[in-house]
Number of protein chains: 2
Amino acid sequence: MTIQPFNPPRRTLMGPGPSDVHPQVLQALGKPTVGHLDPTFIAMMDEVKALLQYAFQTENAFTIAVSAPGSAGMETCFVNLMEPGDKVIVCRNGVFGERMRQNVERLGGEAVVVDDAWGTPVSVDKVADALNRHPDAKFLAFVHAETSTGALSDAKALCALAREHDVLSIVDAVTSLGGVELRVDEWGIDAIYSGSQKCLSCVPGLAPVSFSPRAVEKLKARQAPISSWFLDQSLVMGYWSGDGKRSYHHTAPVNSLYALHESLRLLQLEGLENAWARHRAMHDKLKAGLDKLGLGFVVEEAYRLPQLNAVYIPEGIDDGAVRSALLNRFNLEIGAGLGDLAGKAWRIGLMGYAAREENVTLCLAALEQVMNEARQ
Amino acid sequence: MTIQPFNPPRRTLMGPGPSDVHPQVLQALGKPTVGHLDPTFIAMMDEVKALLQYAFQTENAFTIAVSAPGSAGMETCFVNLMEPGDKVIVCRNGVFGERMRQNVERLGGEAVVVDDAWGTPVSVDKVADALNRHPDAKFLAFVHAETSTGALSDAKALCALAREHDVLSIVDAVTSLGGVELRVDEWGIDAIYSGSQKCLSCVPGLAPVSFSPRAVEKLKARQAPISSWFLDQSLVMGYWSGDGKRSYHHTAPVNSLYALHESLRLLQLEGLENAWARHRAMHDKLKAGLDKLGLGFVVEEAYRLPQLNAVYIPEGIDDGAVRSALLNRFNLEIGAGLGDLAGKAWRIGLMGYAAREENVTLCLAALEQVMNEARQ
């Protein structure tokens, strides 16, 4: 069997991620590999750390990129901070809240689930109530921006509640980081994770993570061993730590970190607030067009994520046929529905470098053509 | 703070990995990102699977690349196959055998450690004895090629013993895959993991893994939940499975998999046996030169890995000064000693694309210069 080199088509990525990657990021990715303990690489890692602190709006010393995808970022928070038997209030209003619950239970914790309907934000009142009913809870875990529905929750209010009740907050910012307002220090977030392939517009495979000093204290004081050697951040700190000698833990994904460095650098050059405003402006344009096409949003306007637009598939339109036509004729990827919304909704992403005027225009025009043809 | 784009120097990588990456692999890495469920990408993943089966010399249906570094490959084997309370014979003759022990104990297993001196191979007799003394053992875990010392163990004999005693074998092939003879099916290996950045000469960040049908059966029959959601291969199978619809688990590291595809393609074009012979030939050249320089090997000739040459640092020579001079003047990276060998040995890698005549010649000539200067 002779296998040919793989030549991927040039897609426009407007699904739930990976998003369009900036050409400079791809260029950075392909630069020559150096050793993971090379002094030049270690200096670059320090810059990645500083740039992540900016993106997260935090001064947390423990701010790094886990060498694996966002779901490993989620697991990093639970496996390091939670101990078996710990009670965790888990908010579930989509796929990723449910994934948090699974993390808690697999690791021997007790999950108290606060359910909200898919497409709605986490109810701050319900969480307050759960915290009152469970004074022995140790953590509050929720998803800031639910990628499965496009709903934005009030992270600021939820984290204030967590502080009030002296529990640590664990926040999923996979889809929010770089796309909507997020202020780790000001909001008092204790543990947060994200993914490289959403609004940072880097290639998939890395999970930015930041722990507050309170979270680091909890990690250092824990009694039970951390079940994962790979994700044990007390070991990883020795490699990412800025002071003195770096100690080997695992081989860092050198080239992916080049790419993350470049994508974060571009974000800093644009300015975080400008990036948030751009996502909002592109969303407004997309929304206007989707309204004209008669496509209704899954999420109410007040809680809608600009970067992830879930819209119901109109009656009589074949989900798979439309997405295939967009992909095959226009090289345009939009996302399928996930979980409860599978077959019922499309998810149109405007993430990072994908949030550009030409993408919005192409998407609307192509959708219009394809849907018209499907109706004939 | 204005951060400049990162422009890595062009190094020659002759440490314990990452190894030199072939220019075609870097080129593949930087190709435009497509979605992780794109039909073209899924077809490429099927090719990656077939190429990994070739590299491992196996027909195991469950042969994939874990979306994280080699140490996550190790954890994948233990967390999926071992259940709390299971007894595991763990062979320890270097850093990575000790890491296996830590995996077993963190995950609630009972490790029976078979120790051999650093720099020697795993003793088949000691393992036979341990298996006799522990008829309730469920696994035999060992490192095929110890990256910390450069010792090669007899995987064929050890796996035959495992079959005889009806225990599953878990084999670390991080440094062996592509560099020395390795035949998963013929030797009856049950679970094996490797890393992308050694003799495959791909960028770091992926861990090829293969499970035998016996191992898959064990996974399917397990009672205890798998503590890691991210590494749960019963879920990952739904994404990598060749038949029918792929189900979303996590976002695959798309571009890194392009690179792995190209590096495996180059290995197949060269031919596995030819690659093994090239590593051996380059090692012989390097060895002849190191002998002339008076540098003694840590490992006896019969058990020496061609791709990882650990040599003692001569008396009176400053370890750090020599490695810095090689790096700063010649852009040449060789590895420091690890664990018991820190400060006492250098580790010179000849892995994958790094196993070329120009590398051997540069390394020997540069070492000679730098050591002569250090002695003056």
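Two residues are in contact here when they have heavy atoms within 4.5 Å. The model is predicted, so local features need pLDDT of at least 70 and side-chain atom pairs count only at pLDDT 80 or more, while totals for chains, interfaces and linings use all residues. Residues are numbered from 1 along each chain as its sequence is written, chains are lettered from A and ligands numbered from 1 in the order in which they are written, and side-chain values use heavy atoms, with hydrogens and water left out.

**View 1. B:Glu83 sits in a loop of chain B.** Look for B:Glu83 in the loop between helix 3 (70-81) and strand 3 (87-92) of chain B; helices (H or I, at least four residues) and strands (E, at least two) are DSSP runs, numbered from the N terminus. Setting aside residues up to four places away in sequence, B:Glu83 is in contact with B:Lys218, B:Arg222, B:Gln223 and B:Ala224. Its side chain reaches the backbone nitrogen of B:Gln223 at 3.0 Å. B:Glu83 is buried, at 13% relative accessible area; buried means under 20%, exposed over 50%, and partly exposed in between (1.4 Å probe, protein chains only).

**View 2. Strand 10 of chain A is covered on both faces.** All 5 of the 5 residues of strand 10 (residues 207-211) are buried, so this strand is largely enclosed by the rest of the structure. In a regular strand the side chains alternate between the two faces of the sheet. Here A:Ala207, A:Val209 and A:Phe211 are buried on one side, with A:Pro208 and A:Ser210 buried on the other. Strand 2 (residues 62-66) of chain A runs antiparallel to strand 10 and is joined to it by 5 bridges; strands pair if DSSP finds at least two bridges between them. Within this pairing, A:Ala65 stands opposite A:Pro208. Strand 9 (residues 191-193) of chain A also pairs with strand 10 in the antiparallel sense, over 3 bridges, and A:Ile192 has A:Ser210 as its bridge partner.

View 3. A:Leu52 is found in helix 2 of chain A and counts as buried at 0% relative accessibility. Apart from neighbours within four places in sequence, its contacts are A:Thr63, A:Ile64, A:Ala65, A:Pro208 and A:Leu264.

**View 4. Chain A meets chain B.** At this interface, 71 residues of chain A are in contact with 71 residues of chain B. The two chains bury about 6,000 Å² between them, 62% of it on carbon and sulfur atoms; buried area is the accessible area (1.4 Å probe) that two parts lose on being put together, summed over both. On the chain A side, A:Phe6, A:Arg106 and A:Trp229 lose the most area to chain B, together 14% of what that side buries. There are 4 salt bridges between the chains, a salt bridge being a side-chain nitrogen of Lys or Arg within 4 Å of a carboxyl oxygen of Asp or Glu. One of the salt bridges joins B:Asp38 and A:Arg11 (2.6 Å, N to O).

View 5. A:His249 lies in the loop between helix 9 (233-240) and helix 10 of chain A and is buried, with a relative accessible area of 2%. Beyond four places in sequence, A:His249 touches residues including A:Trp229, A:Phe230 and B:Arg99. A:Pro5, in the segment before strand 1 (12-14) of chain A, is partly exposed at 36%. With residues up to four places away left out, A:Pro5 touches B:His261, B:Glu262 and B:Arg265.

**View 6. Salt bridges link separate parts of a chain.** In chain A, A:Asp190 forms a salt bridge with A:Arg214, the closest N and O atoms being 2.7 Å apart. A:Asp190 lies in the loop between helix 7 (184-187) and strand 9, and A:Arg214 in helix 8 (residues 213-221), 24 residues apart. In chain B, B:Lys87 and B:Asp136 form a salt bridge with closest N and O atoms 3.2 Å apart. B:Lys87 is in strand 3 and B:Asp136 in the loop between helix 5 (124-133) and strand 5 (139-143), so the pair ties together parts 49 residues apart in sequence.

Definitions and conventions
A polar contact is a pair of N or O atoms within 3.5 Å; within protein, one must be able to donate a hydrogen and the other to accept it, and residues adjacent in sequence count only if both atoms are side-chain atoms.
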